[in-house]
Amino acid sequence: MRLRRQVLAASLVALASPCFAGSSAPIPVNNPPAQQRAFIDLLALMSGHCKTLKVAGRTFACKTVAYAHGDQGRVNFTVAVDDPTDESHVVSFSGENGKRADDNSYELPVDRMLLNSKDRPKVDGLPVPAEQASTGTCRQTGNFAAKKVNDVTCSATDSEGRKYELLFVSDGTPVSVRRIRQSSPSIQDPFK
């Protein structure tokens, strides 16, 4: 379990955060790759299980879920997919301008899905995710400062009409939060 978390964290830090889940057949994407070069400044690894993980109509189990905040404000809820045929399968619900309604809830508007697999092109030996324009929302209940997350739910539809769903439920283990570097917060906080 610890090795899996380290591999996931290394992938996120190396900007290979999201990857794609599914069979060996990749999902075609129609979006040009973004040239944004942001660095992860905060990483939170959550322990639990996926009650639901659907990627383009296919159902999967997951290994772990992580929250990654980039120094330019982009946030990814990244899911390491439990796929015995491809250890590089990861899916990320990605967006900006997340909001906290209160101390125990966070909502992220999703504007793209980041998809990867072992078949994706590699940079420095790591698969580079395909980006698919999408619309949707992720909601997290719990609080990273208290190291407690109850669940994460995400739902998105990409520009090709494919649907992505996540319902992750914590097993109660404290969240592992790592601040990688200092940056300005990007969460819209109604209490400030």
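## Burial at Cys50

Is Cys50 buried or exposed, judged by its relative accessible area? Cys50 is buried, with a relative accessible area of 13%, where buried means under 20% relative accessible area, exposed over 50% and partly exposed in between, with a 1.4 Å probe and protein chains only.

## Basis of the values

This is a predicted model, in which local features need pLDDT of at least 70 and side-chain atom pairs count only at pLDDT 80 or more, while totals for chains, interfaces and linings use all residues. Residues are numbered from 1 along each chain as its sequence is written, and side-chain values use heavy atoms, with hydrogens and water left out.

## Disulfide count and pairing

A disulfide is taken as a pair of cysteine sulfur atoms within 2.5 Å, and by this rule the count comes to 2. With the bonded cysteines numbered in sequence order, the pairing reads 1-2, 3-4.

## Cys50 and Cys62

The sulfur atoms of Cys50 and Cys62 lie 2.1 Å apart in a disulfide, and the torsion about this S-S bond is about 105 degrees, so the link is right-handed. Cys50 belongs to strand β2 (residues 48–55) and Cys62 to strand β4 (residues 61–70), 12 residues apart; strands here are DSSP runs (E, at least two residues), numbered from the N terminus. Cys62 is likewise buried, at 13% relative accessible area.

## Cys138 and Cys154

Cys138 is joined to Cys154 by a disulfide with an S to S distance of 2.1 Å, and this link, with 115 degrees about the S-S bond, is right-handed. Cys138 lies in strand β11 (residues 130–143) and Cys154 in strand β12 (residues 148–158), so the pair ties together parts 16 residues apart in sequence. Cys138 is buried at 0% relative accessible area, and Cys154 counts as buried at 4%.

Key
Helix = DSSP H or I, 4+ residues; strand = E, 2+ residues; numbered from the N terminus.
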